[in-house]
Amino acid sequence: MSAAALVFPVLTPTGAAGAPAAAPGTGGAGLQPPGKQPVAVGSGGAVSSVNPYASQAGFDVLRRGGNAVDAAVATAAALGVVEPYSAGIGGGGFFVYYDAATRKVRTIDGRETAPARMRSDSFVDPATGKPIPFPEAVNSGLSVGVPGTPATWQKALKDWGTVSLASALRPATRIADEGFVVNEEFRAQTAMNEDRFRDFTSTADLFLPDGELPVVGSRFRNPDLARTYRELAREGVGALYHGDIGRDVVRTVKKPPVAPGADRTVRPGLMERGDLADYATVRRDPTRTTYQGLDVYSMAPSSSGGTTVGEALNILENFDLSSADRAQAFHHYLEASRIAYADRNRWVGDPAFSDVPTRELLSKEFAKDRACLIRADAVLTSPLAPADPRSPGSGCTSGTGGEEPYEGPSTTHLVTADRWGNVVSYTLTIEQTGGSAITVPGRGFLLNNELTDFDFTPLTEGVPDPNLPGPGKRPRSSMSPTIVLHDGKPMLAVGSPGGATIITTVLQTLVNRFDLGMALPEAVAAPRISQRNRAVTDAEPAFLDSPERTALERLGHRFAVAPSTFTPSPEIGAVAALEFLPDGRLQAVAEPTRRGGGSAMVLHQHRDDR
């Protein structure tokens, strides 16, 4: 049985009983939660994430002289403790880094990979010839990809960091040992997953101790994860890819610990220890495009984030967006996103397995071709057909495309910056909220369900699909960790969780900031809409109450409340961002309310900005 424990009711949600929460920079590990604010302005370095414990972990590394990479790994490791349903060492992600010394943007592809035994029809039921039910695929060993997160941390620290992995893991290990205060968001996410968590003994033992949901204000400890982190600190990531942690992962994937009496069909996975041993991160060139004189860098395939955000920005550059007519600005944003998604679904996959036309998707000429489809007084029909970016002049032809692939709306994002001007934008995940729902017994972390990001069968019959499963293949992702440069120096870093809505969240935040004249905190907080080549556009409730909705519906747009299947509220994304202000100060920005509100910290907060 897991050694997690809940203690009732040792704390109030704002701090120790009868005491205020700790202010940023005053510690905060253990029982007393760090103070939380969505915006911080100052100097010396910055951290922003969805959780104050995680931001505090990165902040403390910066305070001790670490750089942005050190802080990013520490923050990510802490997120694995306090946001275990979104990220952890059982998952993967994409790491984008601006190196102030070389003035170059570098990236690490730490995406999970499929086991060597996976085939293009692994998600097809041989008895029916049809895709297996999606929930059956998710809650199984079959959905689990080879984790990339520990290898990403090790690679980032080795290439650009200043501290050891053991040092970077120390704050998170302490939180796992001593516990964190359960908030409304953690309880709500547990409740949403309660039924499937109960079907796996190790998961129920950890996240439903004594068979109950965690109580808001109580302490949640995860000593199993603390021991796992100590093993990684002592032995390095080889403990997972070649050692005992990996042995336990493979055993769990191949024989998930299904609870007695569970009536769920749980398929075994295909992972072997050799798959772990063969895993490697990939150093990729970032995607790059320009927008309004700025250089926008992001993640290249296997993520579709960089190409899709970049293509949409290139399309929008053909129009004059202005806050004077927000309805028209949103109309063009939605249409550019619709078009870019059509092209994404046809062309983007793992470049080791498909000829992905990254350069052509990001060409200004292709964007101009595609922009000709957009009319100020009408809406395109979805699903829109893709165009061939390698065929000049083909972009202005409309037609009917394939269905939108499903992608779980969880994940988490963080940004860091340091006193030397280095910047990290890092998105990491275990796929949907709660991942596969399978916890590795005695290890304290959930396994991903990342392989359900593959298309189970071709999206369009007779058309090659670059995102079918395959041995060693990385499933396509929407993660879009982004860094924007002005004259070769960092101006802004941004990213978000949210599955397929990640792309639209990052894109809308950039449009809000650069086209609609919003300051970054306003750009992050503004109501969101997400068009992904579908007949109906997802919208947050606040947008549905806006005058722009009426104007857009007159043009032919249709809206529906964003789903809340895997989040407690109908929300789209949860941005973490930072900006270098014109006067030289750093502004760290987190969500004010989404996912319970995030945590922004700067090393030296200016007194007049507290």
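This note goes through the disulfide, the salt bridges and the cavities of a predicted model.

1. Basis. The model is predicted, so local features need pLDDT of at least 70 and side-chain atom pairs count only at pLDDT 80 or more, while totals for chains, interfaces and linings use all residues. Residues are numbered from 1 along each chain as its sequence is written, and side-chain values use heavy atoms, with hydrogens and water left out.

2. Disulfide. One disulfide turns up in a search of the whole structure; the term stands for a pair of cysteine sulfur atoms within 2.5 Å. The partners are C372 and C396, with 1.5 Å between their sulfur atoms. Both cysteines sit in the loop between helix 16 (364–371) and strand 14 (412–418), 24 residues apart. Helices (H or I, at least four residues) and strands (E, at least two) are DSSP runs numbered from the N terminus. C372 has a relative accessible area of 38% and is partly exposed; C396, at 41%, is partly exposed too. Here buried means under 20% relative accessible area, exposed over 50%, and partly exposed in between (1.4 Å probe, protein chains only).

3. Salt bridges. The structure contains 38 salt bridges, each a side-chain nitrogen of Lys or Arg within 4 Å of a carboxyl oxygen of Asp or Glu. In one of them R230 meets D177 at 2.0 Å, N to O. This pair joins helix 9 (residues 223–235), which holds R230, to helix 5 (residues 165–178), which holds D177, across 53 residues. R230 is partly exposed at 37%, and D177 is partly exposed at 21%.

4. R288 and D295 are bridged with their closest N and O atoms 2.7 Å apart. R288 is partly exposed at 45%, whereas D295 is buried at 15%. For R375 and D377 the closest N and O atoms are 3.1 Å apart. A network of salt bridges links E231, D244, R247, D248, R251 and R443.

5. Cavities. There are six cavities of 30 Å³ or more. A cavity is a set of points on a 1 Å grid over the protein atoms alone where a 1.4 Å probe fits but cannot get out; lining residues have an atom within 4 Å of a point.

6. Lining of the largest cavity. Of its 13 lining residues, T287, V296, S298, G306 and G310 lie nearest the centre. Helix 13 contributes the most, with five residues.

Technical notes
1 Å grid on protein atoms, 1.4 Å probe; cavity = no way out; pocket = protein on both sides within 12 Å on 5 of 7 lines; lining within 4 Å. Points joined across faces, edges and corners; volume = space filled by probe spheres on them.
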